[in-house]
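Work through the exercises below with the sequence and the model at hand. Each task is followed by a solution in steps.

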Amino acid sequence: MGIRTYGPNAVDWEQRIDFERLRRERLARLKEALGRSELGALLSFDFHNIRYMTSTHIGTWGMDKLIRFALLPRGGEPVVWDFGSAARHHQLYNPWLDGDPEQPERGRARAGISTLRGAFHPGAGIAEEVARKLRRELDEHGLAGEPVGVDLAELPVLAALRAAGLEVVDGQQVFLDARRRKTGDEIALLATAAAMVDAAYEALYGFLRPGVRENECVGLVSKVLYDLGSEQVEGVNAISGERCSPHPHVYSDRIVRPGDPAFPDILHSFNGYRTCYYRTFAVGSASRAMRDAYRRSRDYMDEAIALVKPGATTADIVSVWPRAQEFGFPDEEAAFGLQYGHGVGLSIWEKPIFSRLVSLDHPEVIEEGMLFALETYWPAADGWSAARIEEEVVVTADGCEIITKFPAEELLIAGQRYWSVDGALPATRDGIQPQQPARRQYGPAAHRPLNPERPRDRANHRPGDGLAAAAVLSLCWPATWTSGTGGSGWTSGSGCPRRFAASPPSRSSTGRARPTSGASPRSA
């Protein structure tokens, strides 16, 4: 059976995501990772790590402010110091933190705040108060002399911790080690988040057409996701036209035009679990260069996915991707993020990382339960368009399963189909290109003599025809094709000499009749 996805609601008649189990299993994995390390405690100022450790959340508005912090002592339970009234909320609604509003210091959700990234006056002693709170908790567990692993820290806080006698070291690897494999509930949340993006792409595919702007695409996608219950739309990188190469990684107000490539990346979270999900479209039609770029990008993706299984390494995956020099960059650092892979969870970029910049020399083993995104990119030969594809995969016991379901096997054409008098314009076309006017046979309304002063008449004139032909044409009705016992050929309507051909008139690439070599040229 494939990975199950559910609606956003909880129900009593079906076993869905078990949030109590989610909280319990995440904390257990973090404790195991701490136990394998040489650290005495883990200290987090990062919102995602705090959520993984304590299952608390105060919204996305504060993610860049480093205002809250949490501590997990070895052998103990996590404590979170939170922003103002948020701590009181945890005491009331988060029983797993042993909250007690009447005696808040006895619970594990407490009021506390960091330096607001320097906005507090340095003389206010805020950084020192953070250090005092943490030192007291470590003293109670007999861990004040052990290294404390920190994920992020402002320099005044770091200095205050060291002044309080604490040894502060890097703790990021312990957090990432715990989070690299996902629990069953985490996978279900990630698959549900991807399903919401499936719906966003369905709406975008119907909306994308000439005249809309990139920022309008961002607004449409955001509305679909929030209507479905998204917690945060972190970004929609809607890229189109000549902005596709080089990839700018940010949307603009550019107006989409016929024949444009367009590749959005949709990043959002559902109950904290995120997506990173590219798709590429051509608007109205695709050039041959764009079609070929997409096929190449898809081939690199398929080759990589075919290698994903437990025991394979990140080096195995990136070895099938092109070197930076093969698609126009001097080195792997300059091309970083184009042929790329990364874990997805509470953060967009987690372990493992796939890149020729690091993975060949420092490979990581792929394990069952990992969930990561693979991204490929290829610039088209026309020098301005490009293709971008991304798939999220879950590593299973014997391979992997793709959870990004919106079609991407072939390049999709968005926007309406265009019709000419001879039928639908082809989906693969190179647009309107500078060229000599077509030598076509026109109807009566367009018939008139050649004029040597008119540029198009001079363009249609062939050596040897002689502009004297204008005198003949001016006396004739439009030519027609006839077929009968007397032979077949072009005839005039008023006594012009018949011009026989071996076969009926040829057709141009547009399907219109083209005069045979014996016919006189016509102009518009």
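**Exercise 1: charges over rings**

The charged end of Arg16 lies over the ring of Trp13, 5.3 Å from the ring's centre. The model is a predicted one, in which local features need pLDDT of at least 70, side-chain atom pairs count only at pLDDT 80 or more, and totals for chains, interfaces and linings use all residues. Residues are numbered from 1 along each chain as its sequence is written, and side-chain values use heavy atoms, with hydrogens and water left out.

Task: find the ring over which the charged end of Arg23 sits.

Solution. Step one is the criterion: NZ of Lys or CZ of Arg must be within 6 Å of the ring centre and within 35 degrees of the ring normal. Step two is the ring itself: Arg23 has its charged end over Trp96, 3.9 Å from the centre of that ring.

**Exercise 2: aromatic pairs**

Task: classify the ring pair Tyr201 and Phe281, then the pair Tyr340 and Trp349.

Solution. Start with the rule: rings of Phe, Tyr and Trp (its six-membered ring) pair if their centres lie within 6.5 Å, and planes under 30 degrees apart count as stacked, over 60 as edge-to-face and the rest as tilted. The structure holds 17 such pairs. For Tyr201 and Phe281 the centres are 6.1 Å apart and the planes make 55 degrees, so this pair is tilted. Helices (H or I, at least four residues) and strands (E, at least two) are DSSP runs, numbered from the N terminus. Both Tyr201 and Phe281 are buried (under 20% relative accessible area, with exposed over 50% and partly exposed in between, for a 1.4 Å probe and protein chains only). For Tyr340 and Trp349 the centres are 5.2 Å apart and the planes make 70 degrees, so the pair is edge-to-face. Tyr340 has 1% relative accessibility and therefore counts as buried. Finally, ring pairs link Tyr201 and Phe281 with Tyr205, Tyr277 and Phe406 into a cluster.

**Exercise 3: strand S15**

Task: describe the partners of S15 and the directions of its side chains.

Solution. Strand S14 (residues 371–379) pairs with S15 in the antiparallel sense over nine bridges, including the one between Trp378 and Ala387. Six residues separate S14 and S15 in their hairpin, and Gly383 in the turn has a positive phi of about 90 degrees. S15 also pairs with strand S16 (residues 400–402), antiparallel over three bridges, and a hairpin of four residues joins S15 to S16. In a regular strand the side chains alternate between the two faces of the sheet. Ala386, Arg388, Glu390, Glu392 and Val394 point one way from S15, while Ala387, Ile389, Glu391, Val393 and Val395 point the other way; all are buried.

Methods:
Two strands pair if DSSP finds at least two bridges between them.
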